[in-house]
Amino acid sequence: MRFVVALAALLLACPLPALSQHAPPPAELGEARPALPPNAVSRHRLALPGRTLAFTATAGAIRLSDTQGKPQAEIAFIAYTLDDADPRTRPVAFAVNGGPGAASAWLQLGAMGPWRLAIDGVPSPSAPALPVPNAETWLDFTDLVFLDPVGAGYSRFARDDAELRRRLWSVDGDITALAATIRRWLAQAGREASPRLVVGESYGGFRGPLLARALQLTEGFGVAGLVLVSPVLDFEWRARGTDPLSLVQRLPSMAAVAAQADERGLDLEEVETYAAGPFLADLLRGPRDSAAVERLTARVAALTGLDPALVRRRAGRIDLQTFLRERAPGQVASAYDATLLAPDAAPEVAWNEQPDPVLDGLRAPLTTGMLTVYGWLGWHPDGAYRVLNDEVSQAWDWGHRLRRPDATRALREVLALDPALRVLVAHGRDDLVTPYFGTKLVLAQLPQIGAPDRVRLLVTPGGHMAYLRDDARKALREGARALLER
């Protein structure tokens, strides 16, 4: 299976020079690339169950420049604003996906936007991809701005510059650029007084606390709330390999997947208690402790539905690839939703790397869907639209410090600085890329800062993109609405 490269590496990079909104004179643009088209503004009416939404859509780009006025990048965005709403009280949500290298199409056409793709089961690259009205759009209670970091979607560098690429494709530079983009959008739209919400998925969820801190301290804009979907908050806790903490984080999700396949009940809280207690204790005793291995074999085989002989050979330590490939003969499960299976392209070999049924199966439908939306909005840039740009994740600069990237410190700081800020963290129960139990353990380490319910964990059926399921999409929407209302 191939995974997003972003979920595997080390730490922070060089800061980006301060960005300014001043366009450089033409004589200074020797190596500049052609600009994206001017913003396109259109009016729409959307008929949904029980209501009709009238809104304005703006598709375009914001150009970022350095302190000398030299262009750096053009950040593509799509904004949906409800007509006849008071901008002083109307919230605005800024949404960004992950990767790094993913466009915001995943959140826009999967969960939040006025239109969505109707996905049922394993995505098919050749399936019809006409967006349909989204009954669970967040536009009822907040305006929406979808941002594509440079390299994703239509966003691009304004000039060829290796040093600029290194800075923008880094942890710190990426946050600086996104914070500047949000500040520029608020100024251009006259929305400085609007309550603000930051929504991030996957690596975008990691971005969330860092972006909120940058907006608070650098750009001068507070954030009313954070919605973090399937995030990795601390890469030190990142589930990897067969180290004990990785196995502890994934076991509850593996058990949930197996229970659904066998159509049997499961007390997930009981599995969590076992994973963080006796399971971890036996793992720490090591694979040479035969009694511990026997205890692990019996319990892990029962929870995962795998052959006890296989579990014993692995000393009770079931890595991700083993679980995905051994769930069903001749099939491979998706790491992004392990309840979904696809044919094994090479069942005769011991190791097979093939596209993920969910992550890669969604690339074509999302691309087609976004091109359709851009057509409706009347914005037609040249060049390819990249829903997931692998070049970005492969070139990402994670820095060279000893500790892996961490957003929990930023989360603590933004909570301490602003007592009104609230956080919703949402996970799909069947996701093995960013398992929910790992986040639950990380959040348990936060000190009590303000009201006990300021940080809420929402676990729903589904995988990494749990919103592809109707019930999970509805639960996420209502969780975001409740956060803003409170």
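Student: What does the accessible surface of the chain come to, and what percentage of it belongs to carbon and sulfur atoms?

Tutor: Keep in mind that this is a predicted model. The accessible surface is about 19000 Å², and carbon and sulfur atoms hold 53% of that.

Student: How many of the residues, as a percentage, count as buried?

Tutor: A residue is buried when its relative accessible area is under 20%. Of the 486 residues in the chain, 59% count as buried.

Student: Which radius of gyration does the chain have, and what would a compact globule have?

Tutor: For 486 residues, a compact globule would have a radius of gyration near 23 Å; the chain has 23 Å, so the two agree. Along the principal axes, the C-alpha atoms fill a box of roughly 75 × 50 × 50 Å.

Student: How many helices and strands are there?

Tutor: The chain has 14 helices and 15 strands. Among contacts with a separation of 6 or more, 74% come from residues 24 or more positions apart.

Student: How far apart are the centres of the positive and negative side chains?

Tutor: There are 53 positive and 55 negative side chains, with the two centres 2 Å apart.

Student: Now a single residue. Where is Gln 354, and is Gln 354 buried or exposed?

Tutor: Gln 354 sits in the loop between strand S13 (341–343) and helix H10 (363–377). Gln 354 is buried because its relative accessible area is 9%, under the 20% cut-off.

Student: Which backbone atoms does the side chain of Gln 354 reach?

Tutor: A polar atom of the Gln 354 side chain lies 3.2 Å from the backbone oxygen of Pro 343. The side chain of Gln 354 also reaches the backbone nitrogen of Ala 345, at 2.9 Å.

Technical notes. Residues numbered from 1 in each chain as written. Predicted model: local features only at pLDDT ≥ 70, side-chain atom pairs only at ≥ 80, totals over all residues. Heavy atoms only, no water. Helix = DSSP H or I, 4+ residues; strand = E, 2+ residues; numbered from the N terminus. Rg over C-alpha atoms; globule rule 2.2 N^0.38 Å. Buried < 20%, exposed > 50% of the residue type's maximum accessible area, 1.4 Å probe, protein only. Contact = heavy atoms within 4.5 Å. Areas by Shrake-Rupley, 256 points an atom, 1.4 Å probe, with all protein chains shown as cover. Lys, Arg positive; Asp, Glu negative; His and termini not counted. Charge placed at Lys NZ, Arg CZ, Asp CG, Glu CD. Polar contact = N/O pair within 3.5 Å; in protein donor to acceptor, adjacent residues only side chain to side chain.
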